[in-house]
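This briefing covers the relation between the copies, their interface, the fold of one chain and the confidence of the prediction.

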Protein chains: 2
Amino acid sequence: MENKLSIYNSLSHKKELFKPINPPFVGLYVCGPTVYSDSHLGHARPFITFDILFRYLKYLGYKVRYVRNITDVGHLENEATEEGEDKIAKKAHLENLEPMEVVQKYMNSFHYNMAQLNVSLPSIEPQASGHIIEQQQLIAKILKNGFAYEKNGSVYFDIEEYSKKYKYGKLSGRVLDELLENTRELEGSKEKKNSFDFALWKKATPDHIMRWPSEWSEGFPGWHMECSAMSVKYLGNKFDIHGGGMDLMFPHHECEIAQNIAATGEESVNYWMHNNMITINGQKMARSLGNFITLNDLFKSYNPMVIRFFILQAHYRSTLDFSDEALKAAEKGLNKIFSAMKIMPKLKVTDSSNKDYVKALKLRIDLAMDDDLSTPQAIAHIFDGVRLINSVNEGHLSIDDTDFKILNEIFFKFVIDILGLKPEIFKSTDDQLDEKLIELLINIRLEARTKKDFSTSDAIRNQLLRLGIILNDTKEGTSWERS
Amino acid sequence: MENKLSIYNSLSHKKELFKPINPPFVGLYVCGPTVYSDSHLGHARPFITFDILFRYLKYLGYKVRYVRNITDVGHLENEATEEGEDKIAKKAHLENLEPMEVVQKYMNSFHYNMAQLNVSLPSIEPQASGHIIEQQQLIAKILKNGFAYEKNGSVYFDIEEYSKKYKYGKLSGRVLDELLENTRELEGSKEKKNSFDFALWKKATPDHIMRWPSEWSEGFPGWHMECSAMSVKYLGNKFDIHGGGMDLMFPHHECEIAQNIAATGEESVNYWMHNNMITINGQKMARSLGNFITLNDLFKSYNPMVIRFFILQAHYRSTLDFSDEALKAAEKGLNKIFSAMKIMPKLKVTDSSNKDYVKALKLRIDLAMDDDLSTPQAIAHIFDGVRLINSVNEGHLSIDDTDFKILNEIFFKFVIDILGLKPEIFKSTDDQLDEKLIELLINIRLEARTKKDFSTSDAIRNQLLRLGIILNDTKEGTSWERS
């Protein structure tokens, strides 16, 4: 099986041709959410980015096992010092719930938001708290290999020892001296040999709710353990792609790499992929800056498909700035695509062809996607397709049957299946009733006009306008669109 | 906090006033599905039954923690002998998937079907495979207390030993001699002291995929362990209600009781509740009889709300026979209720009252629900409400503002919130567009009739009919309903 897909590998810092270990199978692991609050805008980007990868790999013919985890234990408040309450236990305390009720509540909310964004369900969605044994087994291996030490019931990864044999920091490019410099200031745990060491297992303090027995203490796994343990459990010791947000590169992914190598002597992942961050009006998004926005709030103003489209208009490795103007522009662009898709089935097909142009268009979209998933380039070509459809519709250009089929593939296969942009017009049976009722109203209006009953025809047009339906009268008849 | 809710306790074999251990909190555990195939009709009944209990308890003012598990390991093919492949591993083998991919696939499908049936999400939905440590801890306790024995790496519950101190079989009423008689014929495991003993931990055979380390062997928990371990983990050693289908009473729930008592010396559950089974055209539903129907197939012919309503028309402890005629009758009944709900907001409110009747109606519904959740009785009273609404609408009866408010509570609070019957007309914004478009068409038709343009007015009526919308002209104006 051959493909021309290149992806940027964060580990080698360059674009590489994607070669799966065992084609047609592809193993893909992506770091999922820590489910202690409603999903925010920052969650939309990684899950849409890797949804595109998942969909595109399937389009190329691969059988993808896509594992995306749920972090429901071990993610402490203060990531740098690895101290403080568990994020979920803290929320449970605040909401007066059992931690697993918090997990369920926000996991449901996450799933709901992802469905709104038309993000595909992963093949397996393992929870960290459900894989304590697997994490303990991995910790035991690392201890046995001499790259970790136990202190007062907690187990820490020994970066100094690891660095004698392997290179720590090769993903993020951080060097040990620099780490030492940076972390010396922090309080850190007194139990660590070096302040940059990180916890594999933490002994639970008496008030810590989420805890399990182990050979070291009653406690809980360190945050980085779960992804090492669960990715390997479901994808094998060696798998193809690991993805996540750029903010996870250090320390999370760096620690994952070290853990896996310390346990097996080998890298587990062939390609590391990272999406860039979202800014809001040029600023970093943060609770403290007050520009933090949940998806639920965002969806009050914008259709989730607009958000999805907006995210795809930028390359996943570029920063992306959110603003109302930018979103309104995206909404307009998306509506143009959807309007073209509505016109398309009714296009007149002739013998005269634009074959080369349409064929080239399809090719250019494939090339764009093959080039490290360049959705912005692909979308630019789709707009060329929109212009073509409109020109044919207006009679300026003509297409033959072959062109028509390629256009169909571009819009139905590419826009809907791969970019995952679901036009409302194709949604549900209920929406079809809407459409049929609107068509009925258009016909009644037409008849009224034929009878020169303009008061009725204008009334229908105005009333529809108030319901958000815009009628466009052309020579060919009346079309409609949502405002 | 006081209530008048009586529930039938399968353990005491009688109706009892429900007294929670720690009001206003109520702990509710229900056995969830084994996720190795699409949900079938048999799954609809328990989850709707306990959804009603969950909703009604909340209506009474309780704060309910509702735990409903996912069985994803340990449920072997041959339940009687506790031999054969794990149901999920077998399916994984057939579908060429990793067992957890099978789990994810059918868990997603289950969740989707439950959402279609408007079954509420539980507070916590723990997976058996995610609670291996908790199950191992419980097994260790039972072993320590002398009610289990290890043989070749497997651990079995010692029913003979247990029966010296406690009574085994008190839920199902089975006695030991009878069990001995029945199970002597079966192959069973040679390792058991008595053929009726059951596995707490099974050593994995070399080809068994799903396995975890333990002090006894690399293996997996027996099917009954998970519910004992997870109910107590999330609801405490002593909790209020445990529900499930009557088919689970023996051996599953009987074993759960024995496990909990063997571990702690005490019953964990105060009230055991069991829903009765579904038959199809008078026959038991079974794959072998070829009358097995998945919810996905059923929903092709019937709206999920019709299925829900049909199930609620029978008391949960009665058997329920499915047939096309019965479902069609349910559909008709449900439409009557929904039509009345559509008329209701437009009812004329006068000074003249039927207060006593309407008040009594509300009271009778509460009494029915308090009587072991008698949804059939409650629904009968709701039909009295439907007749009242229609009579008021037709001008035969009149209601005042107080009556109107009570009627609203009956229909909006009771039908929608407690019975969970969602009328399509109140569904989504898209549906509201439908309605508005239909209202617009009705107005255009009215105007056409005023102008004596009967060809237009008839055309609108006929075209709407073809879209499934029936117009009814009355003195008060034109109403509509879906056919």
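The model is predicted: local features need pLDDT of at least 70, side-chain atom pairs count only at pLDDT 80 or more, and totals for chains, interfaces and linings use all residues. Residues are numbered from 1 along each chain as its sequence is written, while chains are lettered from A and ligands numbered from 1 in the order in which they are written.

**Axis and interface**

- The same surface serves both copies, since 100% of the contact residues of chain B recur in chain A.
- In the interface, 33 residues of chain B are in contact with 33 residues of chain A (contact: C-beta atoms, placed from the backbone, within 7 Å).
- On the side of chain B that touches chain A, α3 (99-116), α4 (132-144), α15 (429-450) and α16 (454-466) of chain B each supply at least two residues; α15(B) gives the largest share, 10 residues.
- That side of chain B has 17 nonpolar, 8 polar and 8 charged residues (nonpolar: Ala, Val, Leu, Ile, Met, Phe, Trp, Tyr, Cys and Pro; charged: Asp, Glu, Lys and Arg; polar: the others, Gly among them).

**Chain A**

- Chain A has 16 helices and 17 strands (DSSP runs numbered from the N terminus: helices H or I of at least four residues, strands E of at least two).
- The C-alpha trace of chain A spans about 90 × 50 × 35 Å along its principal axes.
- Among contacts in chain A between residues at least 6 apart in sequence, 72% join residues at least 24 apart.

**A four-stranded sheet**

- In chain A, an open sheet of 4 strands has the order β7-β8-β9-β10 with antiparallel pairing (strands pair if DSSP finds at least two bridges between them).
- β7 (148-151) and β10 (219-221) of chain A are the edge strands, each pairing on one side only.
- Strand β9 (residues 198-203) of chain A is joined to β10(A) by 3 bridges, and A:Lys203 stands opposite A:Gly219 in β10(A).

**Confidence**

- The predictor gives the complex an ipTM of 0.82 and a pTM of 0.85.
- Chain A averages a pLDDT of 90, and 95% of its residues score at least 70 (pLDDT: the predictor's confidence in each residue, from 0 to 100).
- Over residues 425-431 of chain A the pLDDT is below 50.
- Where pLDDT is low, predicted coordinates should not be read in detail.

Conventions
Two residues are in contact if their C-beta atoms, placed from the backbone, lie within 7 Å.
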